[in-house]
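Subject: Structure handover

Hello,

Here is the structure you asked about. Please open it next to this message as you read.

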Amino acid sequence: MPDAPLPPGSTIGILGGGQLGRMLAMEAARLGLRTHIYCDEANAPAFDVAAQSTIGSYADRDALARFAGVVEVVTCEFENVPAETLEAAARVAPVFPSAKSFAVAQDRLTEKDFIRALDIAVVPYAALTSLADLRAAMRTVTLPALLKTRRFGYDGKGQVLIGNEAEAESAWAAIGRVPAVLEGLVRFEREVSVIVVRGQGGTLKFYDPVENVHDNGILAVSRVPARISQSSGFAARSIAGKIAEALGHVGVLAVEMFERGNQPDLVVNEIAPRVHNSGHWTLDACVVSQFENHVRAICRWPLGETARHSDAIMTNLIGPDVKKWRELAKEDGAAVHIYGKAEARAGRKMGHVTRLFPKS
């Protein structure tokens with residue numbers, strides 16, 4: 001029965017072996033589901049907790065076909081999975097979310113054009129493919145502004161802040177002279193995100209909006225509840241749901257926004273068609289986490305409850321922060337998650353700690 005839920009004992013294929021794949025595998029195991037990780041790196045963190053693992057290139061169509069042939073469904077833990085990888089897997093097994101979600105999220109210009117076409121506010125932007133284009137864009141997008149590569153940017157990578165027109169040439173060189181967008185800076189009160197999960201039948205469920213703080217482009221702290229008005233919270237959920245519906249998305253989708261405190265109150269920054277760092281608190285503050293609900297959605301299970309039972313502050317452990325694990329383990333009310341990565345490099349997410357408080 002194609003519309004029947006995948007029963008316990010079924011195997012989920014996960015493209016990508018990082019911490020998100022690791023947490024997906026752990027939550028799938030709670031439901032009696034097995035996972036098979038496909039990753040192009042040896043010693044990937046997710047390998048430690050998966051039933052099976054394959055090390056292979058994302059361009060190896062034969063290896064991908066073999067991988068997809070031994071699983072019941074395929075999903076991804078990162079948004080920059082190559083289109084040909086998805087196509088190779090999809091010829092053998094169903095893939096959720098679909099290629100459309102990844103095609104939109106992988107390209108900053110495509111993403112902004114898509115969201116703007118839904119009549120949702122986005123940051124001011126201009127597309128460019130040359131230094132001459134960049135100079136022209138500076139006349140339409142107010143400086144200072146961020147020059148960002150259209151593809152392969154995350155955690156502050158692939159972007160340069162431009163303060164004045166004299167910095168154009170050096171900024172263009174710094175991003176590698178590749179197709180890009182120039183984004184205007186938005187004055188905002190706070191950064192917020194909404195985690196929405198959409199089932200295969202179109203059911204939508206939302207986690208409470210989250211307030212985020214970034215440091216050097218990397219998420220540092222997420223707190224819930226976000227300190228926003230009830231009307232802003234409703235609008236944030238509506239925006240996330242509208243995007244998920246327009247994509248025909250299946251699984252978890254994260255939508256990052258700026259709250260400006262004026263009209264329009266919320267401006268979308270970017271989307272992620274996967275489980276998201278700003279939803280890690282759901283592992284400890286909700287009965288059903290974002291990871292479990294992603295598994296439920298792609299396996300056609302009923303979606304789980306998204307309400308939180310506690311307030312939470314999630315703090316990322318970046319680089320050497322993970323060395324504080326002994327002190328954190330002693331702390332009452334703190335849930336420590338270590339990702340099992342071998343090397344604590346600067347700027348690398350090594351784990352997180354979630355501190356729980358009585359629900360306000």
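Below are the notes on what was found, from the whole chain down to single residues.

Please keep in mind that this is a predicted model.

Overall

The protein chain contains 11 helices and 17 strands. Its radius of gyration is 20 Å, close to the 21 Å given by the globule rule for 360 residues, so the chain is as compact as a globular protein of that length. Along the principal axes, the C-alpha atoms fill a box of roughly 60 × 50 × 40 Å. Of the 360 residues, 54% are buried. The exposed surface comes to about 15500 Å², and carbon and sulfur atoms supply 51% of that area. Taking contacts between residues at least 6 apart in sequence, 63% join residues at least 24 apart.

Helix α1

Helix α1 covers residues 19-30. With 12 residues at 1.5 Å each, α1 should span 16 Å, and its end C-alpha atoms are 17 Å apart, which agrees. How many residues of α1 are buried? The count is 9 of 12, so the helix is mostly covered, taking under 20% relative accessible area as buried. Among them are Gln19, Arg22 and Glu27, along with Leu20, Met23 and Leu24. The buried residues pack against strands β1 (11-15), β2 (34-39), β16 (334-338) and β17 (349-358), and against helices α9 (282-285) and α10 (290-298). After α1 comes Gly32, with a positive phi near 80°.

Ala145 stands opposite Ile162 in β7.

- Leu143 and Pro144 are joined by a cis peptide bond with omega about 0°; Pro144 is in the loop between α6 (131-137) and β6.
- Phe96 and Pro97 are also joined by a cis peptide bond, with omega about -5°; Pro97 is in the loop between α3 (83-90) and α4 (99-105).

Positive phi outside glycine

Asp119 is not a glycine, yet its phi is positive at about 65°. Asp119 sits in the loop between α5 and β5, and its relative accessibility of 71% makes it exposed, because that value is over 50%. Arg177, also a residue other than glycine, has a positive phi near 55°. Arg177 lies in the loop between α7 (168-174) and β8, and at 55% relative accessibility it counts as exposed.

Gly347

Which residues does Gly347 contact, leaving aside neighbours within four places in sequence? They are Ile218 and Ile318. Gly347 belongs to the loop between β16 and β17, and with 33% relative accessibility it counts as partly exposed. The C-alpha atoms of Gly347 and Gly319 are 5.6 Å apart, although the two residues are separated by 28 residues along the chain.

Regards

How values were computed
Residues are numbered from 1 along each chain as its sequence is written. This is a predicted model: local features need pLDDT of at least 70, side-chain atom pairs count only at pLDDT 80 or more; totals for chains, interfaces and linings use all residues. Side-chain values use heavy atoms; hydrogens and water are left out. Helices (H or I, at least four residues) and strands (E, at least two) are DSSP runs, numbered from the N terminus. The expected span of a helix is 1.5 Å times one less than its number of residues. Buried means under 20% relative accessible area, exposed over 50%, partly exposed in between (1.4 Å probe, protein chains only). Contact means heavy atoms within 4.5 Å. Two strands pair if DSSP finds at least two bridges between them. The radius of gyration is taken over C-alpha atoms; the globule rule is 2.2 Å times the number of residues to the power 0.38. Accessible areas come from the Shrake-Rupley method with a 1.4 Å probe; for residues, only the protein chains shown count as cover.
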